[in-house]
Each structure stands twice: as C-alpha cells, then as structure tokens.
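Open the model in your viewer and keep the selection panel at hand. The tour goes from one selection to the next and says what is there.

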Amino acid sequence: MTLLAKPWIWAWGAAALTFALTIGLTSGRGAGELAYAALSFGAFAAIVGLGQMLVITLGPGNVDLSIPATMTLAATLALKAMGSMPGTALLGLAIALAVGFGAGLTNYLLILLLRLPPIIATLAASLIYQSLAIWSNRGLRIKPPEALADFATGRFFGVPNVAWVGLGLAVLVWIALERSVWGRWLLATGQNMRAARLAGVPVERVRASTYLAVSVFAGLAGYLLASFSGGAALNMGAEYLLMSIAVVVIGGTSIAGGNSNVPGVWGAALFMFLVISMLNSYGAAAGLKNVLTGAIVIAIVIAASTRKGRK
Amino acid sequence: MNTLSRYRIILPVVSLVVLLAATFWMQPRAMSYFGLNLLFNLAVPIALATMAQMMIIMVNDIDLSLGAFVSLVACITATYLLDTPVLGLAMLVALILAYAAMGAMIHALELPAIVVTLGMSFVWGGFALFILPSPGGASPDWLRALMTVKPPFAPMAVVASILIAVVTHLLIIRSALGTVLRGVGGNTRSVARAGWSVLKLKACAYGLAGFFGVLAGMALVGLTTSADANIALRYTLLSIAGVILGGGEFVGGKVSPVGAVIGALTLTLAASFLSFLRLSPDWQIGAQGAILILVLTARLIFSRKGAET
C-alpha cells in the first residue's frame with residue numbers, strides 16, 4: 001500500500017505495461033533492442049525533464065520554453081567547434097555546457113530585470129537562440145568525433161552510456177533536492193514564495209540557480225543527442241518541449257509547484273518512448289501516433305488530478 | 001498613474017508607428033497601396049490567431065495548441081471545405097465545440113491549461129496529418145476572392161485588421177458578455193459569487209478562441225491557396241507575443257483587442273522590415289524575439305515612471 005501511494009509508481013507501471021504490450025506483439029523477440037532504445041531515448045527526455053522539473057517546482061507560471069532552442073544551439077556550436085576532429089570531445093562538452101549556462105543566465109536576467117513572466121521571457125529568448133543556431137549552422141551537418149559518437153551509442157554493463165549519464169544526473173538532482181539545504185529552499189519557494197522570502201530563504205538565488213540548471217541540462221542533452229544521432233539538426237530539439245513538460249507531469253510532480261519527484265521523471269521518460277514505439281510496432285500512421293500521444297498525455301493529467309482530488 | 005500607464009494602448013501604437021516610419025525611410029516605395037499590401041499581406045491570419053490567443057489569456061490560461069489548431073483548420077479548408085462544403089463546415093463547427101469542451105474540461109477538473117493544450121497540439125497536428133499527409137489542397141474560390149479583394153483607399157489587410165479590431169473591441173470591452181469574461185480573469189471567485197457559471201464562461205471563452213482560430217486558418221488558406229500540416233505552427237508563439245505586445249497581461253483579465261491587433265501588425269511588419277535591412281533571413285525569428293523584449297523593456301520603464309509620479 002505504501003508503494004502504491006508513491007506517485008512515481010504509476011509512471012513505472014505504465015512503462016512496464018507498454019513494454020510488455022510491445023514485446024507481446026513480437027512474442028518476445030527484440031526485447032533487448034527495445035530496452036536499449038528506450039533507455040537511450042529515455043535518457044534525453046529524462047535529462048531535460050529533470051531540469052524542467054526543477055523549474056516547475058518553483059511554482060505556478062514557472063516553465064522553461066527555451067529548452068528546444070537551447071539544445072539545438074548548444075549542439076550546433078559544440079559540433080562546429082569540434083569539427084569532427086579526434087580528441088575534442090571534452091572541448092565540445094565544455095562549449096555545450098557553457099552555451100547552456102549562458103542561455104540560463106539570459107533567461108533569468110530577462111525574468112529578473114524586465115520582470116517578465118518566465119513563459120514570455122524564455123519564449124522570446126528562445127527565438128533568439130534559434131536564430132543564432134540557424135545562423136551558425138547554415139545547414140551544415142558536421143559529424144561528431146568518432147570516439148564521441150562511439151561513446152554516445154555505446155554501452156557499459158549492458159546499459160547505454162547516455163542512460164548512465166541520465167541516471168547519474170537523476171541521482172545528483174535527487175541528492176540536491178532531498179538532502180541539501182538548496183532542495184529545501186527550492187521546495188519552500190515553490191510552495192509559497194512570499195513566505196519563503198520572509199523566512200529568510202534567498203529566493204532570487206534559488207530561482208537563478210534553477211534557471212541555470214535547466215539550461216545547462218538542456219545543453220548537455222543537446223550535446224549527447226547530437227553525438228548519438230550523428231550530428232546536430234535545426235529541429236532536433238522540437239519534440240523535447242512537450243516531452244520535458246509531459247514527463248514531469250506524468251512522473252507525479254505537481255504542476256502547481258512545491259513538490260517534485262525524481263524517479264517519476266525517469267519512469268515517465270521511458271513510458272513516453274515506449275508508447276511511441278508500441279504505436280510504431282502496431283503499424284500506426286504518423287497522424288494517428290500524434291493523436292494518441294496527445295490523448296495519452298491528457299488522459300494521464302486527468303487521472304493524476306482526480307487521484308489528487310480523492311485524497 | 002500617468003497618461004502612459006493609464007492608456008496602455010499608447011505603447012503598442014508608438015511601436016508600430018516607429019517601425020512603420022523606419023520601414024518607409026528604408027524603402028520609400030513601400031509607402032503606397034501596393035507596398036502596404038505587401039508589407040501586411042500575412043497580417044490578417046496572424047491578427048485573427050492573436051485574437052484567439054487573447055480569449056484564452058483573458059481567462060488566465062495560455063494556449064500552446066493554437067498553431068497546430070490553425071494548421072488543422074487550414075488543412076480542412078483546403079480539402080473538405082473545397083470539395084464538400086457542408087461536411088467541411090460541420091467539421092469546423094465541431095472544432096469550435098471541441099475547443100469549448102476543452103475549456104470546460106480544464107475548468108471542471110482544474111487541469112493545468114499549459115499541459116492540456118500542449119497535449120492537444122499533438123492531437124490537432126495528428127488530425128492535420130491524417131487529412132493532408134503531404135502539402136496540397138486548394139483554396140475555395142470565394143475565400144481566395146475575399147482575401148484578395150482590393151477595397152478603395154486602403155489595402156485589404158489594413159481594412160480587415162481595422163474591422164477585426166473594432167468587432168473584438170465591441171465584443172470584449174463594450175458588451176456585457178465580454179465584461180464578465182474579463183471578470184473571470186480578474187477575479188474568478190467574485191464572478192462565481194455573483195451567480196455566473198464560471199464553467200459556462202470558460203467554455204465560452206475557449207469557444208470564442210476556437211472561432212477566431214477557425215477564421216485564422218481560413219484566412220491563411222485564402223492567402224496561400226494551399227495548406228500543409230505544419231503551415232501555422234509558429235502562430236502559437238506569434239499569437240502570445242502579439243497579445244503581450246498589445247498591452248495584455250498574463251493574469252487579471254487585462255487585455256486590449258485593439259492593442260493585440262496592433263501587436264500582430266507590428267510582428268508582421270518586423271519580418272518585412274528585416275528584409276529591407278538586407279539582414280540575413282536567419283535572423284527573422286530572432287528579431288521578433290528581440291522586438292518583443294525591447295517593447296517589454298519600454299513598457300517596464302514607462303510603468304516605473306508611472307509609479308514614481
């Protein structure tokens with residue numbers, strides 16, 4: 001019963017169910033490949049989802065809409081700097097993280113100095129990041145250095161390397177949220193910003209660090225995704241806007257803020273990928289797939305809200 | 001309160017006039033019937049989409065599905081409305097009802113509008129792909145004729161924008177319904193206490209948004225003469241930006257229909273202006289973001305000055 005009361009159990013249960021349904025279709029063949037793909041693609045969704053979760057925890061109205069543009073910009077600039085040369089992987093990583101940091105700083109300064117609602121600030125900024133990415137990319141498709149591509153698509157103890165990165169990040173975020181003062185501050189700010197400020201929580205520092213974190217995570221996700229898929233593309237981040245918000249909500253984090261859930265993000269990230277691959281293996285057309293994905297997200301939001309209501 | 005903060009319409013007007021003056025200075029030949037028509041050609045669907053977004057922002061929600069919705073409408077207009085007008089019309093009416101139902105559901109179940117509309121954007125986009133898997137279709141002749149009509153004195157886009165502004169101003173600012181709808185954004189509880197059904201009002205606001213979204217999609221097809229499933233995706237961002245540029249606020253039911261139309265015109269003009277600057281088209285999207293930030297900075301400075309006096 002205590003296990004069933006955990007909000008993240010639903011996301012993991014749904015992920016397991018979809019996995020079983022997909023495998024059932026092929027009567028057990030391809031289970032390993034499916035798990036590998038789910039862990040790899042789930043990792044990208046989980047990394048941006050963790051960042052989005054921190055921002056949503058800050059309270060109503062806080063959401064980062066610049067994640068796709070930041071991912072694309074970070075990946076484009078990192079791959080351009082590496083120029084497919086061997087031994088430049090760390091340089092690329094540093095550039096991707098720096099781009100993320102810069103984007104986060106810009107977002108936060110817009111919110112702070114112009115007193116913009118975060119939605120409009122991140123939206124306006126994302127248009128600029130997108131332009132920067134288009135301008136610097138010019139339609140080129142630069143391959144990542146071979147060693148980096150091997151790392152991004154490789155595995156360690158049977159688990160994809162990108163999934164290790166995503167898991168490591170999840171553990172870090174969990175520790176920061178549950179075991180550090182910063183985590184307590186973040187939750188307090190999300191529950192009631194005014195009360196938190198009066199209680200001596202450095203609210204602005206918490207907000208700044210959160211918006212920096214989400215963008216740095218997005219930069220990392222963009223870097224890994226570009227290395228994984230053999231190059232940066234201008235629309236590579238597009239699907240991660242819905243994805244980042246969906247995995248947070250499905251994972252059991254409260255959209256009203258002040259309450260976050262790290263394991264749920266991973267469960268939901270796996271679930272989202274598995275749903276799409278299940279629809280693929282049942283031969284659904286692209287249109288139907290989109291309709292069902294949207295309907296499932298809404299159904300889960302409704303289910304989550306009625307569950308909350310019964311308490 | 002000084003004049004500037006009391007009349008929040010001043011800033012959008014000034015932004016548009018400054019941008020227009022700069023455009024004319026760069027390219028004097030644009031100062032003609034034909035030139036204005038080219039500059040504001042695509043303003044009508046954007047202005048209509050902005051009106052749709054305004055209806056949602058008015059009741060303190062935000063609609064991230066609008067671009068996909070307008071694309072879906074465009075696909076239906078370019079196929080069903082052309083071949084089987086009755087069926088096409090029924091589909092468009094059903095879409096408006098679906099929007100109203102979405103509003104009722106968001107209110108009744110206390111769902112976060114941002115997540116529901118983001119999910120719906122996939123649903124609309126999926127349906128659009130069903131109808132038009134690849135770009136195509138054609139505009140109904142009457143729609144094409146309506147969008148390319150050449151009224152005397154001012155081009156179609158300008159006349160239509162003024163018409164949209166006047167109609168929505170009467171609807172939202174002057175009518176009883178509009179006042180109550182803005183009240184939902186201002187103070188939901190007191191509207192409910194006064195005996196109104198907030199559920200019905202929210203459904204009404206979303207239904208209006210659906211209606212204007214449908215008009216936007218139809219106007220777009222009338223201009224482009226064909227459609228595809230991704231034709232209007234950027235309208236989501238443009239419409240939000242237009243409402244905010246026009247002096248609207250995210251919360252509190254503070255919106256200005258006239259301002260929002262002007263905001264939409266400013267954004268349309270910004271794209272044309274950049275091509276006059278011979279700036280690379282790579283920067284067009286970014287420039288819209290920069291203009292948005294600039295105008296909001298200006299608004300902040302004015303409202304601070306207002307607070308001091």
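Predicted model: local features only at pLDDT ≥ 70, side-chain atom pairs only at ≥ 80, totals over all residues.

Helices (H or I, at least four residues) and strands (E, at least two) are DSSP runs, numbered from the N terminus.

Residues are numbered from 1 along each chain as its sequence is written, while chains are lettered from A and ligands numbered from 1 in the order in which they are written. For the complex, the predictor gives an ipTM of 0.80 and a pTM of 0.85.

Select chain A next. Its secondary structure consists of 13 helices and 2 strands. The C-alpha trace of chain A spans about 55 × 50 × 35 Å along its principal axes. The radius of gyration is taken over C-alpha atoms, and the globule rule is 2.2 Å times the number of residues to the power 0.38. Because chain A has 311 residues, a compact globule would have a radius near 19 Å, and the 19 Å of chain A agrees.

Switch to chain B. Here there are 16 helices and 0 strands. Its C-alpha atoms fill a box of roughly 50 × 50 × 35 Å, taken along the principal axes.

How much of each chain is buried? A residue is buried if 20 or more other C-beta atoms, placed from the backbone, lie within 10 Å of its own. Buried residues make up 54% of chain A and 52% of chain B.

Now look inside. A nonpolar core is a set of buried Ala, Val, Leu, Ile, Met, Phe, Trp, Tyr and Cys residues joined through C-beta atoms within 7 Å. The largest one has 219 residues, and those with the most contacts inside it are A:A45, A:A75, A:V247, A:M272, B:L48 and B:A205. Helix α13 (residues 198-224) of chain B gives the largest share of this core, 16 residues.

Finally, select A:M272. Two residues are in contact if their C-beta atoms, placed from the backbone, lie within 7 Å. Leaving aside neighbours within four places in sequence, A:M272 is in contact with A:A45, A:M243, A:A246 and A:V247.

Notes: Buried ≥ 20, exposed ≤ 12 C-beta atoms within 10 Å, placed from the backbone.
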